[in-house]
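Hello,

Here is the model I promised to pass on.

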Amino acid sequence: MNLAVARGERLGIVGESGCGKSTLALALLGFLRSGGLLLDGSVRFDGADLLRLAPTELQRLRGSRVALVPQNAGQSLNPSMAIGAQVAEILTFHRRLGRSAARERVVELLGQVYLPAPAALVRRYPHELSGGQQQRVAIAMALAGRAPRTCGRPARADAPWCPLPRSLP
Ligand SMILES: Nc1ncnc2c1ncn2[C@@H]1O[C@H](COP(=O)(O)OP(=O)(O)OP(=O)(O)O)[C@@H](O)[C@H]1O
Ligand SMILES: [Mg+2]
């Protein structure tokens, strides 16, 4: 499979259930499913082959300049951590924000994905949110790695349409 997506472009992949869309989205970030083996191919991003980056470089890229919104957001969230702390982790790791700046930005991000009462929501745990709200938290996490008010950084969303409001940016 060959795909080329330029900055600012959007690409949707459509196919029947089980045809490999999620497998492809994961592979683009270098995640192989159990039993998977990388035999050939490359994923080029800003000139670098993402599949051949050193583990630390790949970790820096994931969640900052390239992010994935997983199909099942609920399962991807840590059940033992409050929502705010999970989003803040990305801001402190990738954007090097201090604790209070991260706290402020988390509330801003949760508001941007239209979560209600974001200032109170930061203290809630994933099981206290609906499936659609969990998915929006995952989108906020994907947005967290980029600088505020910038756009055009790639984010891969896996089956994002299911529980989302129509008004998402
Ligand atoms: N961890 C895994 N180990 C082995 N096979 C898997 C694993 N996860 C998925 N598969 C298989 O890989 C194939 C592709 O699955 P994938 O999840 O990529 O499909 P999909 O196109 O995203 O489907 P859907 O639209 O239902 O989300 C399926 O046949 C599935 O059974
Ligand atoms: Mg899928």
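Let me start with the ligand. By class, the shell around ligand 1 holds two nonpolar, nine polar and two charged residues (Ala, Val, Leu, Ile, Met, Phe, Trp, Tyr, Cys and Pro count as nonpolar, Asp, Glu, Lys and Arg as charged, and the others, Gly among them, as polar). There are 13 residues around ligand 1, and S17, K21, S22, T23 and R33 come nearest; a residue is near a molecule if its C-beta atom, placed from the backbone, lies within 6 Å of it.

Some housekeeping: this is a predicted model, in which local features need pLDDT of at least 70 and side-chain atom pairs count only at pLDDT 80 or more, while totals for chains, interfaces and linings use all residues. Residues are numbered from 1 along each chain as its sequence is written, and chains are lettered from A and ligands numbered from 1 in the order in which they are written.

Now the fold. The chain has seven helices and four strands, in the order α-β-β-α-β-α-α-α-α-α-β from the N terminus; these are DSSP runs numbered from the N terminus, with helices being H or I of at least four residues and strands E of at least two. Of the 169 residues in the chain, 22% are buried (20 or more other C-beta atoms within 10 Å of the residue's own; 12 or fewer is exposed, in between is partly exposed, and C-beta atoms are placed from the backbone).

I also looked at one helix pair. The axes of α4 (residues 83–94) and α5 (residues 99–112) come within 9 Å and cross at roughly 115°, with axes being lines fitted to C-alpha atoms over the stretch in contact and angles running from 0 to 180 degrees between N-to-C directions. On the α4 side, G84, V87, A88, L91 and T92 meet A102, R103, R105, V106 and L109 in α5, where contact means C-beta atoms, placed from the backbone, within 7 Å. The residues of this contact divide into six nonpolar, two polar and two charged.

R95 sits in the loop between α4 and α5. Is R95 buried, exposed or partly exposed? R95 is partly exposed, because 16 other C-beta atoms lie within 10 Å. The C-alpha atoms of R95 and S64 are 8.0 Å apart, although 31 residues separate the two along the chain.

Lastly, α7 is mostly covered, with twelve of its 14 residues buried, including V137, I139, M141 and L143.

Enjoy exploring, and write back with any thoughts!

How values were computed:
Two residues are in contact if their C-beta atoms, placed from the backbone, lie within 7 Å.
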